[in-house]
Amino acid sequence: MAFTPSNNGQSNQPKKNPFRFSLWWMYAIVLLFLGGIFYFDNNSVTKQVNYSTFERYVEVDHGITKIVVFSDKKMVEGYLTDSLAQKIFNNSNYQAGKNIPAKVEANIPSADKLSEKIEQWRQSGAFTGEVEFEQASQFGNILWSILPFVLLIGVWFYLMRRMSGAGGGGAGGGGGIFSVGKSKAMLFDKNNADKVTFRDVAGLSEAKTEIEEIVEFLKNPKRYTNLGGKIPKGALLVGPPGTGKTLLAKAVAGEADVPFFSMSGSDFVEMFVGVGASRVRDLFRQAKEKAPCIVFIDEIDAVGRARGRNAGMGANDERENTLNQLLTEMDGFGTNSGVIILAATNRADILDKALMRAGRFDRQIYVDLPDLPDRVEIFKVHLRKIKTAPDLDIEMLARQTPGFSGADIANVCNEAALIAARHNKESVSKDDFNAAVDRIIGGLEKRSKILTDDEKKAIAIHEAGHATVSWHLRYGNPLVKVTIVPRGKALGAAWYLPEERQIVPSQVLLDDICSLLGGRAAEELFTGHISTGAANDLERVTKQAYAMVVYYGMSDKLPNLSYYDSTGQSNMFTNPYSDDRAKIIDEEVSRIIAEQYERAKSILQAHADGHHELAQTLITREVIFTDDVERIFGPRPWTSRTDELFGHKDDNEPTPPPIDDVDATEVESK
């Protein structure tokens, strides 16, 4: 934040408070006070002795010049002569002529008996000095009895002051421990700096349209109410992590000219009973006072989980009470005119049905992963502050990142800038972005990992098998590059550029399975044995084959059947089919995988020479690209799989992830 100098040349920076209370100040004051008392009450040299010794000092040494009797404490003080004082204190603690009296103290049986003894000493001439009878000072006793309570009260006030959040912000304000039930929502208004606007939110055109309409409801409500319409009470943002749900809410806060309350669902959760419901009431009380306004609750699933789902496993009654209060405030007997609730979650399937009904969250806005045009726009937003090379192709970057969320793309841009800076470049080029994508998908390169020649050859044959099979499949994913340099947990990896589709035909899934099995098939054909390096491939193949049979109904023996439960309420301990049906499912999965494995082996046998040349190139150069594969096998006869299937090009949901890797730990244990 910059401060503009005023006309008189002085800075407008806020002055710091010169005084700040601290508990250590109280400790220092108490110590100084006690030290002062000790200094003023102890300006003499004193020694504690027993009563018989005190009698000897009087009767034998004749060294007592004055006696002071404290009857209430049953104690006597005797002031010493210089000669006896020097003898007792050995000239170390007492020096004559310093006007510091030396005395001894002793406990006495009673003041009456001591008076009789003093009278005997006078008659015998052993003592001729003065005798005083005094009451002991009560100040010390009073101080030591009151001081602990004073310190306790001071510490209590200090802790209450700290707990009240003095000097902090927040809508709840102060109030000490009594403010535990206050709302923790942060209040934003139009005067806040560092605003996020809809210009900062790329893509998400449909979601932004609905969100912008909500802002327009508050800015110009008569436009809608004149026709008899009612302003929506709430909107729920649903979508995978990193897709921009919270960013959209920040944009609403920046665009709306109304107060904006923001808090997380976990802010309602507290260890004290009834605190969550109290915070909900306080939040809506503040919102009604500031109406028209917007209330945003991030990660609402922290308090909005369906009630009674885990009744037999110890449900959280406090969370349910908080949810009940939230339901009442959103649509109860009271009115919330002018208060719109925004909420965000990536777990909408576990939210309570009463929370999802119309009248509470009237709109559910699905924020999906960005498709190709949206990714282009997201790259443009994040590249505003990055110095890029003039020849950078943003559309190609978007095509290389299918399935990436907005947060992932922001990470790619930042990682590319860091890589360029690491190599002392003046701008970020295409190679830096490719390295950033490789770093995020596959992990960091580990060229220091030592591989034997046999392992290196096995990995090259495995990866060349993937590339060969994929190149000769009609619906195989186009190859980007293949490497046998260890990266992350993988000892080798192949990058593909899958075409994005809304729906995926069965032949595309079968080609994907065949391509994934190409590595294992190449090992069996060209090395004579198989290894553990295909563990990741086999895991993905098995999951995809089961999905075809159990979810998509793409089996010959079990056609048009799906056992997928989209509600998320299925019993995890039982299957929705019988044991006989499970046996048929296993047989169909095994059949699909076996057929595609034999298909991959036949492709490799037909192009064995090209596979060997590709594997040798990998061993020599460690990295090959599309041009190398095209030089060996020739151009692919299929230019666009989507055009052949549907007659048009469609950029949407990605097919399975674009990386195929070899599991590091399993290859090394070969």
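Residues are numbered from 1 along each chain as its sequence is written, and side-chain values use heavy atoms, with hydrogens and water left out. Because the model is predicted, local features need pLDDT of at least 70 and side-chain atom pairs count only at pLDDT 80 or more, while totals for chains, interfaces and linings use all residues.

Let's start with the strands. Helices (H or I, at least four residues) and strands (E, at least two) are DSSP runs, numbered from the N terminus. Strand E4 (residues 102-107) has five of its six residues buried, leaving this strand mostly covered. Buried stands for under 20% relative accessible area, exposed for over 50%, and partly exposed for values in between (1.4 Å probe, protein chains only). Two strands count as paired if DSSP finds at least two bridges between them. The pairings of E4 are listed here:

| Partner of E4 | Sense | Bridges |
|---|---|---|
| E1 (residues 45-48) | parallel | four bridges |
| E3 (residues 75-80) | antiparallel | five bridges |

Within E4, Glu105 is the bridge partner of Gln48, and Ala106 is the bridge partner of Val76.

Now for a helix. Helix H18 (residues 506-516) has nine of its 11 residues buried, so the rest of the structure largely encloses this helix. Among the buried residues of H18 are Val508, Asp511, Asp512 and Cys514.

Finally, Glu206 belongs to helix H6 (residues 205-219). Glu206 is exposed, with a relative accessible area of 58%. Its C-alpha atom is separated by 8.7 Å from that of Ile365, although Glu206 and Ile365 are 159 residues apart along the chain.
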